Amino acid sequence: LGTEVRRLLVNDALNQLNEYTFWNCLQDWFGCTFVGGDYEKLANRAAAISDGATLIIRNATWFPPIQTQVPTISLLQDIITDGPMREMQEAVLRASDVVVFNSEFTKSKYNLMWKEALTEAGKIRVIPLPVDFSMFQPENPMGLQQALSLPDGCVLWVGACQGAAGQVKGWDTFIRVVRTNPDIPFVCVTKDAPPDVVPPNLRVYSRLPHAELVKVMGACRVGLCTSRTESQHLAGIEMGACGLSLVVPEVGCYWDRRNEIFGAEFPGVILNKPDPEHYTAVIRARLANPLDTSYVRSYWKRSFDKPVIKAQWEKLVEEVEAK
């Protein structure tokens, strides 16, 4: 009957809010045995049960290398700039058979001496995280606006607003844009606690499940990102899946995303100078000249749909296990 395939998937948890995450995808796609728990004990726990495994897929961040001879794919989706955590991350990457970055932008933050050698050997890949296009899709904007009591022409922002996470997401920039455009209705969905005080032209939602988030996205016309850094920016791709034009800085999946490379016009605007004045001008232009929602959706779907990403991972897993 052949040798039983046994793959390990190693991270602290499959998800945090009972949502279906990419870790759930990997578990289902490859029949992985999940190994989870506290980061402090995770590497030892995985090593202890790795005998006989054909493959380990692990988070590249937050816990040290797993002491094993089992071929290992490390997924890096958290950009760490310096300090002990960066050193631990680099140790994991050096110990990996293949490193998968979730974007070219993330990869660009790891200009290490060994990166070129790994690239030459095919040990570095860029495979983004997927978006569920069967869930995130355009709906009837007018009906959703009525159901949510939102006006037409809303600009949507998704992110965190508190502390360091809010700083990374550019909450301060977003609020400045909102305050300087009192005639434009804005909507924000926060992943943390909602802000205490907001301008009158801003509607706030907090910690929405995906089924509710889709409705909010469908009621809006333009998606906005003000992040100072992003490794990918899934929220923007989800907005694109719902047909929203985007106004974004050159971070994450928007980094170096030029027309001639990707073969189609970007469905929105990538700002080289992401300050409130430029955001304002571009947002107004996008609201005045909306893009066709089917074009916006198709642009994102061909690169980030689950079947597209699954095929890339299947090819990678087959190659690693065949070595």
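1. Basis. Residues are numbered from 1 along each chain as its sequence is written, and side-chain values use heavy atoms, without hydrogens and water. In this predicted model, local features need pLDDT of at least 70 and side-chain atom pairs count only at pLDDT 80 or more, while totals for chains, interfaces and linings use all residues.

2. Six strands form an open sheet in the order 2-1-3-4-5-6, with parallel pairing (pairing needs at least two DSSP bridges between two strands; strands are DSSP E runs of at least two residues, helices H or I runs of at least four, both numbered from the N terminus). Strand 2 (33–35) and strand 6 (124–126) are the edges, each pairing on one side only. Strand 4 (residues 72–76) and strand 5 (residues 98–101) pair over four bridges; Ser-74 has Val-99 as its bridge partner in strand 5.

3. Arg-94 and Glu-90 form a salt bridge at 4.0 Å, N to O (a side-chain nitrogen of Lys or Arg within 4 Å of a carboxyl oxygen of Asp or Glu). Arg-94 is exposed at 52% relative accessible area, whereas Glu-90 is buried at 18% (buried is under 20%, exposed over 50%, partly exposed in between; 1.4 Å probe, protein chains only). Arg-86 joins Glu-90 and Arg-94 in a network of salt bridges.

4. The closest N and O atoms of Asp-172 and Arg-228 are 2.7 Å apart, in a salt bridge. Asp-172 is in helix 8 (residues 171–179) and Arg-228 in the loop between strand 10 (222–224) and helix 10 (234–241), so the bridge ties together parts 56 residues apart in sequence.

5. Helix 14. Lys-315 and Glu-319 form a salt bridge at 2.9 Å between the closest N and O atoms. Both lie in helix 14 (residues 306–322), four residues apart.
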